[in-house]
Structures are given as structure tokens and as C-alpha cells.
Amino acid sequence: MKFGKWLAQLMLLAVIVVAVVPAGQAGAAASAAADIGIFLDGEKIKSDVSPFVIPKQNVTMVPLRVISEGLGAGVDWNQSTKTVTINDANTTLMMTNGRNYAVVNGSNVVLDASVQARAGRIMVPLRFVGEQLGLVVNWDQTSRTISLLTVNTVPGEPGDGSGHGSGNGQTLNGAWVSSVYNLDWPSAASYGKSQKQKEEFVALLDELQGIGLNAVFVQVRPAGDALYPSSLVPWSKFLTGQQGKAPDYDPLAFMIEETHKRDMEFHAWFNPFRASVDAKTDTLAANHVSKLHPEWIVNSGGKPYINPGIPEARQHIIDTIMEVVSGYAIDGVHLDDYFYPSSGAFPDEAAFNAYNPGGLTIGDWRRENINSFVQSLSDSIHAVKPQVRFGISPFGVWRNKAVDSTGSDTKASVTAYDSMYADVRTWIKQGWIDYVNPQIYWSLSFSAARYDKLVDWWAQEVRGTGVDLYIGHSPYKLGTAEAGWQSSQEIINQLLYNKQYPEVKGDVFFSAKDLRRNPLGIMEALRTFYLSIL
């Protein structure tokens, strides 16, 4: 989208956006609505009708008069139907007085508040409209100001002239492909049908590449098993319906070949310490780790984990990963955040007593177990194939500032360091990983863990370390009731926000199926975005 300069004479009809006032402050906002200031790219916008807050919805309403010309958007008010139509090159937005939804590119999107008439002016919800048109919208409660930023004015780092990723336009744009529970690939309907599985994967790749993605992160070891022939673990049941039953082809070899045909990267995704998806053992193959080494298994929350506190168990996982590194032309080894469970009891007292010569606390001991695993795996990968990149996708919040002054300005109830014992900062500083891919699955308006605050923190964390930063996004939340997910523009605004940081070298979406079902037109939005940066 191209943005023009703002003209001195604004149209009588213009557009605006939703500034959601933090919960609990609606009353104060309502009583002093007249002092709300609105700034566009640093310049205050004057209005003959003051913005006002609808208290129960906590939505700021503003006159439709500010941004149409600057964004190249057209604005029309139909008095007979009481409908506002706003459109630019990518978006057509319609809101009708009295309706609790907008129509965005033909799809209905629920509104907290719709268009209203007040003092002879048409008023619209600020953040909603602005984000639909590609603005970054920020509310500052202390100064009671709303800042609207066009893409080319989002603050950048000194010397950052081009923006996205590495600055050369070549970023990693990927999707996670889950095999567990047959979520993304292969389908349960394809059990034992190799040709159908191949056709499904080809279609998946073509659709993902069609929207501008150039990498897939495929879950090749979903439940202590494998989507490839292994001498250490059984065949996955998600291929044939029965664990240990072999398909008539090598799925991993096929997937890598098809991915590379399209000049896309293939990262082999492993769940490190998941033993199985449930505690049942009767359907597990004889060579599954739960049967071969029950002494390694810890049950927590009804699920079995391979105990990270046992050195031999950690080495077993490394050995299974190295089978893939040595035997296949993968581009990367990728781990998710399946370390210690984030909640519930984890009865590992026996291992704690047996393998803790330094007398560490339970928390520090668990973190040291994961650190040892990450370092050993990194050394193993790079000794065999230095060109294979090793990355981890931790939970999006490392620590909250309230607990650690060097943490992020968030109030998350779960954190990577304290809940999963994942000391990501050490992995980055020691150079054990080549990239970090935090799962920042919250919107720009989610107060407890805002997307922008977390990107700021992670970009600072990797700066100068040589570790690349990819951001994990959550298209699966589009269309849900959680704050900020009522439009696909939320994802686009997140990608736009990333452009200010040269440390951000790519984006990964969870998951493939949630892109392919195209909620709120996200596929078209991503295609337009990625084409615009080529």
C-alpha cells in the first residue's frame, strides 16, 4: 500500500480507528473525553467535534474526517441507509448505524461499536478503522493520546533504511505443519494411502508458497515416534493409524524433495520431551520409549514426558534428532517449547536427588538440564553438518519485569524461564542456537502481553549476538473474541511493526491449516503484503 503525504485541507469526510481504553479506566475516559488528543505521524489532528468514549464498550469514537486522503482511501456516507463505506486498494469496509458488525472485503466482522451520528458529524470507532487501513494505533493512558502511525513513519533503528528482516528483502516466511493428531498433514482420511498423503502435501506446499511463504517447519517426531524410518523409535501412528506400522514410502524424504523443488526451506520440527499424547500404553509399539525405558517417564497432567533430568534420556532424544541430521538434506532442526510442562506437578524427585551433585535448587537444576540438552544438541548438529541451522521456538514471554527488571513489560501468568525452565537468554548469549522463534501469540491491543512490547524485548535480546529472530504469529486466533483478533489486518500490522527491527529476519505462522482455511481473508492479506516487499 502506498501512502501519500497529508494534505493541508482535509476532506469533510475522513476515517478513523478504535482506541480501546484499558479495562477499569472507562469511567475516567468518559468524564474527560474532550481532552483525548489524536496525533497522526506526530502532528495533532484538530476536530470540531471532540472524540468521546462509549463507557461500557471502552471504545473511542472520532469524527470521520482525518485520514482518507493521506492513505488514498475513499469515504462515502449514504444517508438513506446510514452506511459509511471506506475503501483503498486492498480494503473495502462498510459500517451501518445500528449494526454490531462491519463488512470487510465481503466478510462480516463483529464490532464493539458501530458508526454513529453526533453533533452533525459521523463518528466511527478509531482503532478498528485505522487498523483496517494499515495504520499502527497506540493508546497512551498517561498522556491520554492516540497515536496513528503510517507504515513509512514507524520508528526505525538508526541506519535502518529498508526495513523488513535482514534489509535485503530475503526473509524467512514460514508455517508450522503439525502432524500430531493429523492437524495439518497428513489427514486421518489418508491413513495407509501414500498417494493421497503425497497429493495432500503437494497441495499444502503450493498454497503456502502461493501466499508468499518460503519455508515449512514440519513436525517429524510428534509423539516419541517418527515420520521417517528410524532404528531408534517407531513409525508414527499418524501415517497409518497404527504406531509401528510402516508406510510404503519415506514421507520425510518425499517432503524434503518437494519442498526443495519449490526453493523453499525444510526445517525438521521435533517435540523434545513429549513421550506420547496420553498416558495409554496399550497401543504403543514395542520399541516406544515408554515401553523400553519406563524409568525415564514422568506423568504430568495426564501426559507422559521423557524426564529431562536423566542424562541418558536426554542423549536418547539427541540421538533420534541426529538420525535426521545425518540422513536427510534438511535446512534446519527446530524445537518447540515442549520442555517441562508449564503447570501441574512434575514428580522428578528421584532424578533430582540422583543427578544434582552441585546441590542446585529444583528450578535451577531443571534449567541446567535443559541448558545441557540444548548445548549438547547444538554441538552435535554443527559437528556433523555446520550448515544446518538450529533454532528453538520458546513461549513468547521470557520473564515479566515485575519478577526480573530485565524482563519484558508484561503480566503473563506463564513464562518460559519460570514455568518451562527454558533459559532462552543463556542459549542466545552462548550462541548455542542459530535463531530464536518466540511464539508471540497476542495482539497489539492485548494489555497483559502486548505484541509490540514483546517484539521490542526480543529484538533487544538478540541484538549483537548473531542469533536471528523469527517471530511466531497466531492466525488461529483470527475471528475469536480475544482482544485484537477481529480482523486479519492485525497480522499485517504485526508484520509492519517488525519492519523497524533489522534483527527480525522472518515470520512463522501457527499453523498451516489456520492459514489455509483463510479466516477473515488472511491468505489474500498475506499475499498482498509479501508481494509488496519483493
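Mentor: This is a predicted model, and we can begin with Thr 85, which touches Gly 74, Val 75, Asp 76, Thr 92, Leu 93 and Met 94, leaving aside residues up to four places away in sequence. Thr 85 lies in strand β6, which covers residues 83-87.

Trainee: Why is Thr 85 called buried?

Mentor: Buried means under 20% relative accessible area, and Thr 85 has a relative accessible area of 19%, so Thr 85 counts as buried.

Trainee: How far apart are Thr 85 and Val 103 in sequence and in space?

Mentor: Thr 85 and Val 103 are 18 residues apart in sequence, and from C-alpha to C-alpha they are 9.4 Å apart in space.

Trainee: How do you know whether Leu 126 is buried or exposed?

Mentor: We again ask for a value under 20%, and Leu 126 has 0% relative accessibility, so Leu 126 counts as buried. This residue is found in helix α3, residues 126-132, and although Leu 126 and Met 61 are 65 residues apart in sequence, their C-alpha atoms are 5.8 Å apart in space.

Trainee: What span is expected for helix α8, and what span does it reach?

Mentor: Helix α8, residues 311-327, has 17 residues and reaches 24 Å from its first C-alpha to its last, which is close to the 24 Å expected at 1.5 Å a residue. Among the buried residues of α8 are Ala 313, Ile 317, Ile 321 and Val 325.

Trainee: Why is α13 described as roughly parallel to α14?

Mentor: The axes of helix α13, residues 451-462, and helix α14, residues 489-498, come within 11 Å and cross at roughly 30 degrees. Angles under 35 degrees count as roughly parallel, so α13 is roughly parallel to α14.

Trainee: Which residues make that contact?

Mentor: On the α13 side they are Tyr 451, Asp 452, Val 455 and Asp 456, while α14 contributes Gln 494, Tyr 497 and Asn 498. Sorted by kind, the residues of this contact are three nonpolar, two polar and two charged.

How values were computed
Residues numbered from 1 in each chain as written. Predicted model: local features only at pLDDT ≥ 70, side-chain atom pairs only at ≥ 80, totals over all residues. Heavy atoms only, no water. Axes fitted to C-alpha atoms, helices over the stretch in contact; angles between N-to-C directions. Helix = DSSP H or I, 4+ residues; strand = E, 2+ residues; numbered from the N terminus. Parallel < 35°, antiparallel > 145°, perpendicular 65-115°, else oblique. Contact = heavy atoms within 4.5 Å. Nonpolar A, V, L, I, M, F, W, Y, C, P; charged D, E, K, R; others polar. Expected span 1.5 Å × (residues − 1). Buried < 20%, exposed > 50% of the residue type's maximum accessible area, 1.4 Å probe, protein only.
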